[in-house]
Amino acid sequence: MRQRLSSEPDRYRGRRRVPTPPRSRYAAVVTSAFVGAGVVALGAASNLPDHKTVNPDVLSSLDKSSQVATDALQSRSDDATRASRGEARDSTTKAGTKLNQEEAASEVYLLPLDDYEFTSAFGVRFGKLHAGIDLAAPDGTPYKAVHAGTVTAAGYNGGYGYSITIQQDDGTEMIYAHSRRLLVKKGDVVKAGQVVGEVGNTGYSYGTHLHLEVHVDGKPVDPITFLRGHQVDIQLQMESPYASLAAAAAS
């Protein structure tokens with residue numbers, strides 16, 4: 001048995017000591033570990049793609065996405081253009097329709113009253129020419145312009161009583177006589193279907209009625225024959241199929 005040295009600590013008493021390796025061996029192990037780790041890292045890095053190198057499939061996908069977005073924007077722009085053109089066509093159509101209505105209204109002929117009784121025709125009566133026709137209606141019934149034109153006379157006119165003369169663009173004149181009240185004045189431009197006066201019994205009259213005359217080239221003609229040529233029948237109380245257009249334009 002080994003004799004214990006006096007300087008040996010008590011904790012080693014009865015134990016076998018393990019030899020301690022020199023410090024240079026610890027340094028070698030640590031250095032080897034670091035070197036190995038570096039080699040592993042370099043190997044892993046060599047398998048990674050270069051960040052400057054882009055996969056061609058990715059580029060193709062991006063190009064396709066960009067093209068899709070461009071097509072979508074172009075489609076939206078085309079839709080907006082088509083919508084604008086559609087609105088322009090609608091506006092043009094509406095303008096054309098309005099113009100057609102106004103043209104039809106300027107050419108149409110209408111009945112002067114909505115309800116009346118035909119009481120006297122054009123011709124010789126009591127030895128004198130009755131130069132117009134008589135349409136009986138209650139006092140104050142509004143009557144309308146048969147055709148568009150310009151008022152050339154409006155006021156009291158002897159045997160005609162309160163009367164209105166409307167001249168058309170072609171020079172034809174229509175006289176509305178025996179009125180109770182006149183609603184237009186000289187110089188007014190009127191449309192077919194526009195209310196211009198009220199039925200009365202003024203002047204040489206034997207009852208409330210509207211006396212209507214038509215003068216062509218300054219001479220009186222039969223209003224019934226003249227108006228039939230313009231799709232208006234006084235006796236049958238029928239008027240032009242464009243009457244609704246004229247009424248809309250006059251309102």
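This is a predicted model: local features need pLDDT of at least 70, side-chain atom pairs count only at pLDDT 80 or more; totals for chains, interfaces and linings use all residues.
**A friendly note on the core and strands**

1. Where does G200 lie? You will find G200 in the loop between β10 and β11. Setting aside neighbours within four places in sequence, the contacts of G200 are D139, H178, S179, R180, G207, T208 and H209. Y162 is 38 residues away from G200 in sequence, yet their C-alpha atoms are 8.5 Å apart in space.

2. Next, the largest nonpolar core. This core has 27 residues, and Y176 and L227 touch the most other members. At least two residues come from each of β4 (132–136), β7 (162–167), β8 (173–182), β10 (195–199), β11 (209–216) and α3 (223–228).

3. Beyond its neighbours within four places in sequence, Y176 is in contact with a list of residues including Y143, V146, Y162, I164, I166, L210 and L212. Also among the contacts of Y176 are K144, H147, S163 and H211.

4. Now turn to β4, one of the core's contributors. Four of its five residues are buried, so β4 is largely enclosed by the rest of the structure.

5. Which strands pair with β4? Strand β1 (residues 117–120) runs antiparallel to β4 and is joined to it by three bridges; here S120 stands opposite D134. β11 is also antiparallel to β4, with five bridges between them, and L212 of β11 is the bridge partner of I133. L212 is also in contact with Y176.

Notes: Residues are numbered from 1 along each chain as its sequence is written. Side-chain values use heavy atoms; hydrogens and water are left out. A nonpolar core is a set of buried Ala, Val, Leu, Ile, Met, Phe, Trp, Tyr and Cys residues joined through side-chain atoms within 4.5 Å. Buried means under 20% relative accessible area, exposed over 50%, partly exposed in between (1.4 Å probe, protein chains only). Contact means heavy atoms within 4.5 Å. Two strands pair if DSSP finds at least two bridges between them.
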